[in-house]
Amino acid sequence: MHLLLMLLIAALMIGGAQARADAQEPYRIGAVFSITGPGSSLGIPERDTALMLEADINARGGIKGPDGRLHPLKIVIYDDASDETKAVLAAKKLIDEDKVTAIVGTTLSGTSLAILDTVQKAEVPLISCAAAAKIVEPAAERKWVFKTPQSDHLIVGVLVDYLKAKGLTRVAWLNVDYAFGQLGWVEFEKAAQTAGLSIPVNEKFGQKDVDMTAQLTRVKAAAPQAVVVWSIPPSASIATRNYADLGLKMPMFQSHGVGNKKFVELAGPAANGVMFPAGKLLVAEQLADNDPQKAVLLAYARDFEARYGPRNTFGGHAWDAVQLAVRGIERAGIDRAGVRAAIESTRNFVGISGVFDFSPTDHNGLDRRAAMMIQVVDGQWKTAK
Amino acid sequence: MGEQLAQYLASGLVVGGIYALIGLGFVIVYGVTRIVNFAQGEFVMLGALGMVTLTARGYGVGTAFVVSLLAVATVGALLERVAVRPLRRAPALAVLILTIGASIALRGAALLSWGTDPLAVPAFSAGPPLVVGGAVVVRQGVWVLAVAASVFAALWWFFNRTYAGTAVRACAVNPRAASLMGIRVDRVSLLAWTLSGALGATAGAVIAPITYATYDMGLMLGLKGFVAAVLGGLASPPAAIAGGFALGVLESLAAGLVSSAYKDAVAFVVLIAVCLAQVAGWLPWRVAQES
């Protein structure tokens, strides 16, 4: 009897070991997002999108690696609390302990710039979801780093073209005083000079400021033809409300940082009329049917909204980043150098933020077709005329 | 230029009213217990988020205000009973660190309950902003000033016309003598913490419609309130009120006339300057010392 029982247990153990051997080693992708802190309105949809893709890919059986077998996908996600130091620690942990093949994130430009050294030294591909062009430029010095959001100079270029086309040549500028706003200012100043725009006022405010009336009063005194505010909610929403309260009537432009429903929700009716350059996701339904991205955009918007609520461009950046990492792994498995090379040679990848054509000299892979002007009309996004 | 100046003053006074309310909380707790309560800013945050939850449940602004004020006052009282009282014989530094710990704990709890998104609170009364002497003031800004003024008046009455208020002042002057006169110092300490919770909640509730409410709003507001209190010598409620308004106006003028980049720096430069002036003996008033 005892012998029988032992045989049975032994058989079960062998069977179990057999079953484990059948399941392939999971492919591991790391992710660092700002799930808390000032960047959380961006970081949370990014995390949600990563989780959604992980679940969807595993529901299909996983990733088919170069060995021809299906491997489950494991995305290890850490929160950097919108903090540079924590981002570096998270990246180190992903590389040293979790042994990930590639990292997606971070959410913010500052945190992405902070972890550049770490990933470059460890030779791990990083696909950033942050805006600043500096993250991937010059590409020769950023061998291991890619990014999916439209670079700030691309977005600013679309805005400046629009301003010029509308004859708005005296433009006041306000920006939030951290990396996103400061880099936006650097690009805007450059583009404005080239396009012959004058900037009578340029002001800053803090992301935690409760009132931007003082800055806007200076704007009012300068009487520009248009005002640009480069920030993210909540400060972007407060500035918008202060703007309406002060009775300023010139058109207000903002950044792609307000491409989420939170901005409209917090600013209320004051948001009406605000225009901003952003990716096409927000107005996917209004795109022409022959737009190459339309089908991908609608599918993502549907999947995301079914699970997490209103779409926003930030989740789209994470979608692109995770997909690029997955495509790299499909071709090179856990070989980090191979994954890097695969991403760099990606052409004509139809993503959420645009159609990507990477090259050894371009680690963003997007051009101006990836952004357009969008206007808030009665709390809804419309393509701007 | 005159119109611009009026705008800076108006904006500064509204923000200053908030700093003054928070600064008062610091002064009352410090006066009675000689503790700088770094969780004061978290009371503000709780008051604001309380308004968010209650107004979202359909309660009127008045009801929501009173309920969230009472709730945060209870948090203040609990903090005194559970955390501060057991440490009353500990060195001041230990209690200071405890209040920092309490503030981190409260912020973490708020993060878990309310999430990280900024949340909107309806204004107390709707309508376009008012124009006063060329300056634009949102209606909620008028509410901030009105509520702050009523709180100041009520506190003055309490401290000067009631037995309990006199007891608080007595403990602030000399706790030992007060206890020899039959005042229950521990009860007064509880009262001070409850009051400072209520003050913080008031500040949070009136400012939330302007600034939105987030779990981490308390840190910066608390620091600014602390600077306001120090500016007023950390011992006298009227001086803390003056300190709050002075700081608000100074910040607004700095942002408007110099550069908005220096706005936050103003508060901390003022703090350092006041501390140095105090050490050098240049101040006509002094920061309260250990008694």
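## How the helices are compared

For the angles given here, axes are lines fitted to C-alpha atoms, for helices over the stretch in contact, and an angle runs from 0 to 180 degrees between N-to-C directions. The model itself is predicted.

## Two helices in chain B

In chain B, helix α5 (residues 139-161) packs against helix α8 (residues 185-211) at an angle of about 170 degrees, and their axes are 9 Å apart. Because angles over 145 degrees count as roughly antiparallel, α5(B) and α8(B) are roughly antiparallel to each other. The crossing in which α5(B) passes α8(B) is right-handed.

On the α5(B) side, the residues that meet α8(B) are Q140(B), W143(B), V144(B), V147(B) and V151(B), while α8(B) brings L199(B), T202(B), V206(B), I207(B), P209(B) and I210(B) to the contact. Sorted by class, the residues of this contact comprise nine nonpolar and two polar ones, with no charged residue.

## Paired strands in chain A

In chain A, strand β8 (residues 171-176) and strand β9 (residues 202-205) run parallel and are joined by four bridges; N175(A), for one, has K204(A) in β9(A) as its bridge partner.

## Where the chains touch

The contact between the chains takes 26 residues from chain B and 27 residues from chain A. On the side of chain B, the elements that give two or more residues are α1 (2-33), α8, α10 (237-258) and α11 (263-280), and the largest share, five residues, comes from α1(B). By class, this side of chain B has 14 nonpolar, nine polar and three charged residues.

Conventions:
Residues numbered from 1 in each chain as written. Chains lettered and ligands numbered in written order. Predicted model: local features only at pLDDT ≥ 70, side-chain atom pairs only at ≥ 80, totals over all residues. Parallel < 35°, antiparallel > 145°, perpendicular 65-115°, else oblique. Left-handed = near helix turned anticlockwise from the far one by under 90°. Contact = placed C-beta atoms within 7 Å. Nonpolar A, V, L, I, M, F, W, Y, C, P; charged D, E, K, R; others polar. Pairing = 2+ DSSP bridges.
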